[in-house]
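Let's take a walk through a protein model together. Have the picture ready so that you can find each part as we come to it.

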Amino acid sequence: MKKLLTIAGTDPSGGAGIQADLKTFAAHKTYGMSVITSVVAQNTTGVTNVVDLSPEFIGEQLDAVFTDIYPDAIKIGMISNENIIRVIVEKLKEYGGKNIVVDPVMVSTSGNSLMKSTATKILIQELLPLADIITPNMLEAKLLSSIEVNNRKDMEEAARIIGKIIKGAVLVKGGHLKNCADDLLYMDGKFYWLEGERIVNPNTHGTGCTLSSAIAVNLAKGMDILESVEEAKEYLAGAIKAGLDLGKGRGPLDHLYRL
């Protein structure tokens, strides 16, 4: 059985963060492990508070995982400050982490900022270069590339800029496009447009967490990056189409719709 590790914040309502990642791992019949970076008070309507764990304790969690059950792939989500980023980078280098997927969670679906501004520079300089693939949405691509990202042409330019600072692939998610949900994969200097159906369902809480976790699963199973993304998009579309309707805001997906 493949072993997957998520390094991220929590969501007590179960739709995003660590909880969504573990559900995604389970749905793909892999063994899920987690290192918590922050405890987040949030639900389908938004985020009300974030409490970061100490970098030292996060480092101890990482030691506990890597020295016992070595992960076949790693998904990294919410990291709110630079000291947490640095300890994660240190441990990934120490233990030689592989198949690393970074979802640069800067802004939640509901529009809440989840990363301190001082952490963005450290994220770009130290963590993103370790990733095999990063998965920013259009808002996050804007922050990473320092250009406006409103359409397909902007997505290509942003991906090209971001691609200059990391060794891995860049998946700019097109969920904020008006008439489609096409994603752009930029890899080895080439663009791959991956078509996505615009599904009529307002319940999209945790889509980014779910997609990046599914990509990590597929990498652990030996798929290449393009195939991993394509398979993950198919899984995500099914979880949205399942039509789960919970909560007063943007509800969660049905991660276990295949079971």
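We will visit a pair of strands, then a salt bridge, and finally a pair of helices. Keep in mind that this is a predicted model.

Start with strand β2, residues 31-43, and strand β3, residues 46-52. These two strands run antiparallel, and six bridges join them. To see how the chain gets from β2 to β3, look for the hairpin, which connects them through two residues.

Next, turn to charged side chains. The model has 11 salt bridges. One of them forms between D63 and K91, where the closest N and O atoms are 3.0 Å apart. Where do D63 and K91 sit in the chain? D63 belongs to helix α2 (residues 55-66) and K91 to helix α3 (residues 82-95). Two packed helices are described by the angle between their axes and the distance between the axes. Helix α5 covers residues 138-145 and helix α6 covers residues 152-163. They pack at an angle of about 50°, and their axes are 9 Å apart. The crossing of α5 and α6 is left-handed.

Which residues of α5 and α6 meet? On the α5 side they are M138, A141, L144 and S145, and on the α6 side M155, A158, I161 and I162. Sorted by class, this contact of α5 with α6 has seven nonpolar residues, one polar residue and no charged ones.

Conventions:
Residues are numbered from 1 along each chain as its sequence is written. This is a predicted model: local features need pLDDT of at least 70, side-chain atom pairs count only at pLDDT 80 or more; totals for chains, interfaces and linings use all residues. Side-chain values use heavy atoms; hydrogens and water are left out. Axes are lines fitted to C-alpha atoms, for helices over the stretch in contact, and angles run from 0 to 180 degrees between N-to-C directions. Helices (H or I, at least four residues) and strands (E, at least two) are DSSP runs, numbered from the N terminus. A crossing is left-handed if the near helix is turned anticlockwise from the far one by less than a right angle, and right-handed if clockwise. Contact means heavy atoms within 4.5 Å. Ala, Val, Leu, Ile, Met, Phe, Trp, Tyr, Cys and Pro count as nonpolar, Asp, Glu, Lys and Arg as charged, and the others, Gly among them, as polar. Two strands pair if DSSP finds at least two bridges between them. A salt bridge is a side-chain nitrogen of Lys or Arg within 4 Å of a carboxyl oxygen of Asp or Glu.
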